[in-house]
Amino acid sequence: MYDTSPCHLMMTTESCTVLFFLARMGTRKKVHAFVRVKPTDDFAHEMIKYGDDNKSIDIHIKKDLQKGVVNNKQTDWSFKLDGVLHNASQDLVYETVAKDVVAQALDGYNGTIMCYGQTGAGKTYTMTGTTENYKHRGILPRALQQVFRMIEERPTHAITVRVSYLEIYNESLFDLLSTLPCVGPSVTPMTIVENPQGVFIKGLSVHLTSQEEDAFSLLFEGETNRIIASHTMNKNSSRSHCIFTIYVEAHSRTLSDEKYITSKINLVDLAGSERLKKSGSEGRVLKEATYINKSLSFLEQAIIALGDQKRDHIPFRQCKLTHALKDSLGGNCNMVLLTNIYGEASQLEETLSSLRFASRMKLVTTEPAINEKYDAERMVKNLEKELALLKQELAIHDSLANRTLVNYDPMDEIQIAEINSQVRRYLEGTLDEIDIINLRQIQEVFNQFRVVLSQQEQEVELTLRRKYTLIDKNDFAAISAVQKAGLMDVDGHLVGEPDGQGFGLGVTPFSAKPGKKAKSKKMFKEQLSTSARKEGASSPVGGKDLDFSTSKTQLTPSSKEGDVKDMLMRDRETSSTEPLPLDSPKEELRPPRPSTPPPKPVAFEDFKNERGSEINRIFKENKSILNERRKRASETTQRINAIKREMDMTKEALNFQKSLREKQGEYENKGLMIIDEEEFLLILKLKDLKKQYRTEYQDLRDLKAEIQYCQHLVDQCRHRLLMEFDIWYNESFFIPEDIQVSLKPGSSIRPGMVPISRIVSLHNYLKTMMGFQQAHRK
């Protein structure tokens, strides 16, 4: 971030030394706002009053009687601040406003001190002071003096100080220290850049100062380069905004810690706002005044947005001033505003405007935090030292435990190969146990187990590929070759392969004799009939039991498995078979079945009135309960929305009353804030609305839980009703009557368990088998 030159350092987007950034989150605090009144012989005692605690200002303007008896124009204002400095010396101003901010900067907290006010009100005098008298020096030289004195009081830390001086003139950025010989002219204009560490000015020179005299020399150099002009209200009016920044970086001398702290102090001297009819500015001075008033107006807009908690967007980029001070305005910073005002009656309108700005600034909150960074080079060195110490501790522990010398370095190829050999011998049973030495060895043992397992899987896959062949059903040439070899029949079934259900599917090889082939087919069909009947009578039949379809690929065994297939065929030939009974018990009389099934919508209505009447009744009751709960939830939601709208309207009215009170000034009585009756009634109304909202919201949550449960019951009833209808519809109009005996209550097959298509196909197949048996007997 900084150049290594001791005289001049340019801020760039690349970070050279800082690699890590950490900020401890701090607590939010409000901006401190002070007011300094310019001493004058014509002080308006009747219009300006100070509070007893010097923390409030009361403004009173007499009514203009020329506007009539009825005149509602506001005449009284009260502004509560953190301090009012009247006839205060430069020493008292610094002790009250800036001393704590500078002191906390050396502990890692950013700080900003800003002087704001009307032109000629004493901002530059407060910030810089005068060179004629040492006692009249301002906040800026005193802050530099305090920084270097605190550095001398901290010999345990190596603290470096750098400074920069920025000027914003007519919305352009200028380096007030660019006239130094070590800086030189800049080729590219300066720009404001944002990064995760904050906002900085690219191209602004940052100068290293090792002692107080060097810092004062840089300050005086920048002061001589400031642009000033003269008008009726100020002979030496600053025509630009100036930001003097002190950068502090502290490293510990006693601890070899890679962590160090950084901070910066922004000392902002704003150009004064002007009323052109009073200043009489013309020409170039008029143009400068226009830019000054415009930037101060944008600054006030940003302050108003920061004070509004509902605002998501803050207009920092409207001008260079607010963009450069983005970190200071409501960010990670201790901020103090010092407002300079006149005490004369002729300037009372501008004084009110400045005091309103100070009141708005008090609404802004900041979140100061310690800025901690880490030096990567020092971090690496510390980690190497810690690693060496840990290895030494392990060596001592091993020696005390009477362990052999253990190497904790990464394993080489020879050691990995030895562990692989131990794992293989352990799996083979030749090695009883593996000696464990350290954690790295344990990890490598598990890794070698994975390697061995992967190798065995590859060997098994190669063995299976040598034994079996995968044939695509779309590859007709391969299928023809397999059929010629006698390993597959014309229907694509494997020859003599069992299907895992107690009997085999397929035929004998084509090389077998025709007689045996026919006999095998006959025995297969008889065995299929018997097995199907036995399976149906003994256990439930799933959907896969009746699926005779073949997959896209066939696994074809080699010809050397013929002996196994012949043995399977001999087992099938010797197995006993039973003829399927031709007669079945007579069913009870029922209405004649129609020739064509009725449409499902018509049949569904009949089903709901007859067999499914009970389920349909439960379904309707649950649905009515669900609709009633939904109606109640909808009504509750409408009530909640109405309450929420009324709460929002009440909050807006309350915020309006608060903002009006803050702008007009706050009144206190014995430490208690005084509010009017309308604001008090709004607070009570908002409290009651919140209570109603919580009650209604809890009722809505309970209703949603009931709706979810009722919906679950309705879905269950609907599913059960449709499932029972499908079973009834298939039994009544599709399943053959002689098969329905098995589907009666108490039979081995539960209704709906077997798809209707499988039952019909099984019925047709069994009829075909019976025809074959009868033909064979004849």
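**Charged pairs, patches and loops**

User: Lys264, buried or exposed?
Analyst: Lys264 counts as buried, at 19% relative accessibility. Buried means under 20% relative accessible area, exposed means over 50%, and partly exposed is in between, with a 1.4 Å probe and protein chains only. The areas come from the Shrake-Rupley method with that 1.4 Å probe, and for residues only the protein chains shown count as cover.

User: What should I know about the model itself?
Analyst: The model is predicted: local features need pLDDT of at least 70 and side-chain atom pairs count only at pLDDT 80 or more, while totals for chains, interfaces and linings use all residues. Residues are numbered from 1 along each chain as its sequence is written, and side-chain values use heavy atoms, with hydrogens and water left out.

User: Back to Lys264. Which residue does it form a salt bridge with?
Analyst: With Asp327; the closest N and O atoms are 3.7 Å apart. The two are 63 residues apart and link distant parts of the chain: Lys264 is in strand β18 (residues 259-269), and Asp327 is in the loop between α8 (320-324) and β19 (334-341). Asp327 is partly exposed, with a relative accessible area of 22%. A salt bridge here is a side-chain nitrogen of Lys or Arg within 4 Å of a carboxyl oxygen of Asp or Glu. Helices (H or I, at least four residues) and strands (E, at least two) are DSSP runs, numbered from the N terminus.

User: Why would such side chains pair?
Analyst: Side chains of opposite charge can pair when their charged atoms come close.

User: How many salt bridges does the structure hold?
Analyst: It holds 27. One of the pairs is Glu646 with Lys685, at 3.5 Å from N to O. Glu646 lies in helix α17 and Lys685 in helix α18, so this pair ties together parts that are 39 residues apart in sequence. Glu646 is partly exposed at 33% relative accessibility, and Lys685 is partly exposed at 38%.

User: What about Arg720 and Glu724?
Analyst: Arg720 forms a salt bridge with Glu724, with the closest N and O atoms 2.9 Å apart. Both lie in helix α18, four residues apart, about one turn of the helix. Arg720 is partly exposed, with a relative accessible area of 41%, whereas Glu724 counts as buried at 17%.

User: Which residues are linked in a network of salt bridges?
Analyst: Glu628, Arg629, Arg632 and Glu706.

User: New topic. Which residues gather in the positive patch on the surface?
Analyst: Lys310, Lys651, Lys658, Lys687, Lys690, Lys691 and Arg694. Patches are made of residues with over 30% relative accessible area and no salt bridge; like charges are joined within 9 Å, and nonpolar side chains (Val, Leu, Ile, Met, Phe, Trp, Tyr) within 5 Å. Lys and Arg count as positive and Asp and Glu as negative, while His and the chain ends are not counted. Each charge is placed at NZ of Lys, CZ of Arg, CG of Asp or CD of Glu.

User: Which helices supply at least two residues of that patch?
Analyst: α17 (613-664) and α18 (677-733). The largest share, four residues, comes from α18. Arg694 lies in α18 and is exposed, with a relative accessible area of 55%.

User: And which residues make the nonpolar patch?
Analyst: Ile675, Phe680, Leu681, Ile683 and Leu684 make a nonpolar surface patch of about 400 Å². Phe680 lies in helix α18 and counts as partly exposed, at 43% relative accessibility.

User: Where is Phe656?
Analyst: Phe656 is in helix α17 and is exposed, with a relative accessible area of 51%. Phe656 and Glu679 are 23 residues apart in sequence and 9.4 Å apart in space, C-alpha to C-alpha.

User: Last topic: what is the phi of Asn54?
Analyst: Near 55 degrees, a positive value in a residue other than glycine. Asn54 lies in the loop between β5 (48-50) and β6 (56-60) and is partly exposed, at 43%. Asn87 has a positive phi of about 55 degrees although it is not a glycine. Asn87 is in the loop between β8 (83-86) and α1 (90-97), and is exposed, with a relative accessible area of 54%.
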